[in-house]
Structure formats: structure tokens, C-alpha cells
Amino acid sequence: MEKIKDLVRKMVILVDSREKKNQHILAYFEKQGIPYQVTKLDYGDYSFLLPSSAAGIDLYFHQDICIERKATLEELSGNLAQKRQQFETEFLKAGNCGAKVYLMVEHPGGYTDIINHTYKTELSPIAFMASLKTWESRFGCHIHFIDRQYSGYFIVSTFQYYAREQLK
């Protein structure tokens with residue numbers, strides 16, 4: 001178990017090169033001394049690798065697990081409405097690889113704000129909720145609404161505990 005903890009402590013977060021306006025997340029990684037690498041990911045905005053395992057090679061998990069980040073309910077709404085095909089294609093790619101996908105939305109009001117339509121798009125609360133529940137069912141994705149100040153922590157802890165379970 002101690003060897004697993006040592007491997008997990010050396011985790012390198014992979015950040016998709018197309019990810020924008022994520023300085024608050026990168027600042028968290030830097031403050032916590034968590035190494036990260038900007039690279040092109042096939043799907044998702046974040047994943048990870050464990051460097052130089054006991055076998056002497058890096059263990060990449062970018063095809064096994066990822067976190068897709070949305071900065072606002074408005075951005076998420078746009079992905080579920082106007083950019084739905086592109087958004088769906090990304091989730092299909094992840095699903096075809098058997099990847100576990102977490103959808104992290106930086107909006108702590110989450111479902112309450114969707115139901116009360118306190119977002120600035122024309123997508124109705126019923127259509128918004130229907131799309132989210134469809135995404136959960138169709139793609140097996142885990143949806144988490146979180147305050148943006150905790151996004152870095154959420155990313156790191158999600159990957160740490162996933163890695164521990166996979167390495168047992």
C-alpha cells in the first residue's frame with residue numbers, strides 16, 4: 001500500500017492544450033507543488049499519468065479517466081444545445097475507449113439554479129435537466145457542480161483515488 005501511495009504522490013496532471021481560462025486551476029497545482037503537463041488530449045480537459053513506475057515506464061491514464069470542465073452554466077447550456085453534436089462526439093470517443101468521464105461544472109448552485117432558470121440562455125430548465133440526465137444515462141458520466149476555487153482540489157483528488165483503486 002505504501003508503494004501505491006508513493007506512486008500516486010508523483011502524479012502528473014495532464015491538461016488539454018485547448019483548455020482556456022484555467023489559470024485558477026494551474027495556480028492551485030503550482031501552489032500545491034503538483035506537476036502538470038499541457039498536451040493535446042483526445043477527450044476531456046484533464047487526465048493524469050504516473051511517471052516511471054516500477055516497470056520503468058510512465059503509466060498514462062488519459063484513455064481511462066478524464067474530467068471535462070465547464071466554467072459556467074451558460075457554457076454548459078451552449079454545449080448541450082448549439083454545440084451538442086461536437087460535445088456528444090467527444091463523449092462518444094471517451095465511451096468507445098471505456099473511459100470514466102467526470103463533468104465538472106464550476107457553478108455551485110447547480111441543479112437549483114437550473115431549475116430556477118438563473119442562467120442567461122434560452123434553454124429551458126426542463127430541456128437543460130433532460131439533457132443532463134440523458135448525458136448521465138447515455139454516457140455514464142458523473143456530473144459535479146463545484147465552486148471554482150475548489151476545482152484544482154477536485155481534479156487532483158478524483159485522480160488520486162482513481163489511481164489508488166486501479167493500482168491495488
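A residue counts as buried when its relative accessible area is under 20%. The exercises below concern a predicted model.

**Exercise 1. Determine how many residues of strand E5 are buried, and which way they point.**

Solution. Step 1: strand E5 covers residues 65-70, and six of its six residues are buried, so that the strand is mostly covered. Step 2: Ile65, Ile67 and Arg69 point one way from E5, while Cys66, Glu68 and Lys70 point the other way. Step 3: the residues on both sides are buried, the charged Arg69, Glu68 and Lys70 included.

**Exercise 2. Identify the sense in which E5 and strand E6 pair, and the residue that stands opposite Lys70.**

Solution. Step 1: E6 spans residues 100-105, and E5 pairs with E6 in the parallel sense over six bridges. Step 2: within this pairing, the residue of E6 opposite Lys70 is Val105.

**Exercise 3. Describe the largest cavity by volume, lining and residue class.**

Solution. Step 1: the count of cavities of 30 Å³ or more is one, and the largest cavity holds about 40 Å³ of space. Step 2: its lining consists of Tyr43, Gly44, Cys66, Glu68, Glu90, Phe91, Ala94 and Val101. Step 3: two elements, E5 and helix H4 (84-96), each give two or more residues to this lining. H4 gives the most, with three residues. Step 4: sorted by class, the lining has five nonpolar, one polar and two charged residues. Cys66 and Glu68, which belong to this lining, point the same way from E5.

**Exercise 4. Find which residues touch the most other members of the largest nonpolar core, and which element gives the largest share.**

Solution. Step 1: this core has 24 residues, and those touching the most other members are Ile13, Phe29, Tyr46, Phe48, Ile155 and Phe159. Step 2: the elements giving two or more residues include helix H1 (2-9), strand E1 (12-16), E5 and E6. Step 3: the largest share, six residues, comes from H7. In soluble globular proteins, nonpolar side chains tend to be buried together.

Methods: Residues are numbered from 1 along each chain as its sequence is written. This is a predicted model: local features need pLDDT of at least 70, side-chain atom pairs count only at pLDDT 80 or more; totals for chains, interfaces and linings use all residues. Side-chain values use heavy atoms; hydrogens and water are left out. Buried means under 20% relative accessible area, exposed over 50%, partly exposed in between (1.4 Å probe, protein chains only). Helices (H or I, at least four residues) and strands (E, at least two) are DSSP runs, numbered from the N terminus. Two strands pair if DSSP finds at least two bridges between them. On a 1 Å grid over the protein atoms alone, a cavity is a set of points where a 1.4 Å probe fits but cannot get out, and a pocket is an open set with protein on both sides within 12 Å along at least five of seven lines; lining residues have an atom within 4 Å of a point. Grid points are joined across faces, edges and corners, and a volume is the space filled by probe spheres set on the points. A nonpolar core is a set of buried Ala, Val, Leu, Ile, Met, Phe, Trp, Tyr and Cys residues joined through side-chain atoms within 4.5 Å.
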